[in-house]
Amino acid sequence: MSRFVVRRLLGMVAVLFAVSVIVFLVFNVIPSSDPAQRMAGKAATPRLVASIEDEWGFDDPLPQQYLTMMKKVFSGELISYFGRENVDERIVEGIPATFSLCVGAATIWLFFGLLFGYLSAMRAGGTLDRALTVVAVTGLSMPVPFIAALFLNYFTYKTEIFPSGGYVELTADPLEWLDHLIVPWITLAILYVGFYSRVLRSNMLDAMNEDYVRTARAKGLSERRVIRGHVLRNSLIPIVTLFGLDVGVLLGGAIVIEGLFSLNGIGQYAYESLKNVDLPPIMAITLFGAFFIVLFNALVDIAYAFLDPRVKLGESAQ
Amino acid sequence: MSAVGANTLLSVRDLRVGFNTEGGLLQAVDGVSFDLAAGEVLAIVGESGAGKSVTAQTILGLTRSPNARIEGTVRLGETDLLGAGDEAMRSIRGDRVAMVFQDPMTSFNPVYRIGRQIGEAIRAHRRDVSKDEARERAVELLDAVGIPDGERRVDAYPHEFSGGMRQRAMIAMALALDPEVLIADEPTTALDVTVQAQILQLIERLNRERGLATILITHDLGVVAETADRVLVMYAGRVVEEGTLEEIFYDPQHPYTWGLLGSLTRLDRERPKRLPQIGGVPPSLLDLPAGCSFRPRCPHAFDRCAELPGLDARLPDAPGHRDRCWLDPETKRERRPS
């Protein structure tokens, strides 16, 4: 098992390297226009372009350029020429908001997604199942900006129950933190609740027809133990994959939600940078997001090896 | 071999299982009756869809569809199994009646160790057994079904076992609580031929050593010939012939049984040019022909077959040998392929 974990983590480093090369090529090499000009953005003056040209070494051979870029990103010297600010510092500032949003929403959607999926599957075809199906499909089909607009309209402008946006540090005031995040959490969770409940429901209904579930009944297990120990246990394995990947993606920034609720996290920074065609932050945020996606992919694989003994890839084949 | 009726353990009377479907009522099992004595091996033979597996699963209360309509009686000793409540049935399943299924590849939960799954069967019925004791018992059981090195294998996962070993482990799990009745539903169908023979020998040995009453469900008469005491031939939900192994193999009375026997390859006969088969396909259970269900495929059908023959003893010297065919025994002996 430990060999597998080490191998998987090494694989992760290789993937991240590949991602960084691709980012480098996409941003600096493939476009035919002058990279220094694009890097300077809307505020370009000939002097700025010339100094960027020099700083990034765009006349150097490509491997050298790649190293220069990586050095800038990882040493915290990456500058947004448009906003005249340090990109890495801005990203670090955005982390608490983005992570708070992601962890809170994930907790909500995991709890309700699994609860609804379980109840639906246990009463498949019944009234509760139908009602939950309507709820899930509604959640799935409503675009996030639409839900956000509804909530903002009813909960903040009309009734003023919740603040209309902004982020308060957890350490500064936990209650305010909660107050500012509840609506964004629910908005973000609605889509996933629908999705997870549908996935769990269909996994459980499939599992109920498995031969091993019939075996479990044939040996005289109580219905409760058949469902929890065999049906639910096996149906949750794919949920782990989904959850890991979804959380990985969101940790890199939830662009729409953060923008709509002015959470000032990484997603909102990405949104602003895209709007201003400000390349250095876009580049850094892409790498930052890729890191979490790749990390959670690896974590999912490792969790899988614990949850499903059939996945011990290559361990006996060495 | 035990005499019919003497020390009957399991008694099935006029069992009928139907399913409401969109096409109407599907009568999967239509009036099946049999007795099973301690230490006896009863084979239920027939093609897919004959109602063998539904019969077996209904006995265990595993026919769970809300569309199922179950009638008749199934008695295990003094207990009425069809009338028993969920909890009563749960306490019987695995403890007094155990079942082995067709596909050992999918019948174990892939995420739990074999020993744990065997232990789970024990602890479902014996609450006072600790996990360690259950594990010890699992090791003994693996040993009893011929899996070597049980102390190590008990911690293996199902995918680490071969098909034959999994089926042995399945049998070990079925035996965990010393059941009175073992129902084996096509236990060898998914296995290699050499492994099939080993599994059958194992079932036979356990049946002999433990006096375990066994219902062996199969479509393979070769399997029957090796293990069974008595045979029930089913076709389209009904029993069409029933008798001892000798009666069925040496004096078969129903043309369907002739067809089944004729399609066996035999080493002691000259090889036929083409393997004989029964013409046609089994009828749809939603649209059974009136009278004898085998009539459309039967080369010997005549006028009277439009009327359903009863399952009766038609041979004066063999009261236990019953069949559903209107032909008189003399005609049958003339027409029957030898």
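Predicted model: local features only at pLDDT ≥ 70, side-chain atom pairs only at ≥ 80, totals over all residues.
Residues are counted from 1 along each chain as its sequence is written, and chains are lettered from A, with ligands numbered from 1, in the order in which they are written. Local features need pLDDT of at least 70 and side-chain atom pairs count only at pLDDT 80 or more, while totals for chains, interfaces and linings use all residues.

**Figure 1. Chain A as a whole, with its 13 helices and two strands.** Helices (H or I, at least four residues) and strands (E, at least two) are DSSP runs, numbered from the N terminus. Along the principal axes, the C-alpha atoms of chain A fill a box of roughly 80 × 65 × 35 Å. Of the 318 residues in chain A, 36% are buried. Here's how burial is decided: 20 or more other C-beta atoms within 10 Å of a residue's own make it buried, 12 or fewer make it exposed, and anything in between is partly exposed, with C-beta atoms placed from the backbone. Now take the contacts in chain A between residues at least 6 apart in sequence: 71% of them join residues at least 24 apart. Two residues are in contact if their C-beta atoms, placed from the backbone, lie within 7 Å.

**Figure 2. Helix 9 of chain A packing on helix 10 of chain A.** The two helices meet at an angle of about 155 degrees, with axes 10 Å apart. Axes are lines fitted to C-alpha atoms, for helices over the stretch in contact, and angles run from 0 to 180 degrees between N-to-C directions. On the helix 9 side of chain A you'll find A:Tyr212, A:Val213, A:Ala216 and A:Arg217, which meet A:Val226, A:His230 and A:Val231 in helix 10 of chain A. These contact residues divide into five nonpolar, one polar and one charged. For that sorting, Ala, Val, Leu, Ile, Met, Phe, Trp, Tyr, Cys and Pro count as nonpolar, Asp, Glu, Lys and Arg as charged, and the others, Gly among them, as polar.

**Figure 3. A:Ser235 in helix 10 of chain A.** This serine, A:Ser235, is buried, with 25 other C-beta atoms within 10 Å. Leaving out residues up to four places away in sequence, A:Ser235 touches A:Leu200, A:Asn203, A:Met204 and A:Ala207. A:Asp206 sits 29 residues from A:Ser235 along the chain, and their C-alpha atoms are separated by 8.5 Å.

**Figure 4. Where chain A touches chain B.** The contact takes 18 residues from chain A and 23 residues from chain B. On the chain A side, helix 9 (211-218) and helix 10 (223-251) are the elements that give two or more residues. Helix 9 of chain A gives the most, with six residues. Sorted by type, the chain A side has five nonpolar, five polar and eight charged residues.

**Figure 5. The eight-stranded open sheet of chain B.** Its strand order is 6-7-8-3-9-10-12-11, with mixed pairing. Two strands pair if DSSP finds at least two bridges between them. Strand 6 (97-100) and strand 11 (312-313) of chain B stand at the edges with a single partner strand each, so one side of each has no neighbour in the sheet. Strand 6 and strand 7 (residues 181-185) of chain B run parallel, paired over four bridges. One of the links to strand 7 of chain B has B:Ile183 as the bridge partner of B:Met99. Helix 6 (residues 163-175) of chain B packs on the sheet, touching strands 6 and 7 of chain B.

Figure 6. Strand 3 (residues 41-45) of chain B runs parallel to strand 9 of chain B, joined by four bridges, and B:Ala43 stands opposite B:Val231. Strand 10 (residues 238-244) of chain B pairs with strand 9 of chain B in the antiparallel sense over six bridges. Strands 9 and 10 of chain B form a hairpin with two residues between them, and B:Ala236 in the turn has a positive phi of about 50 degrees.
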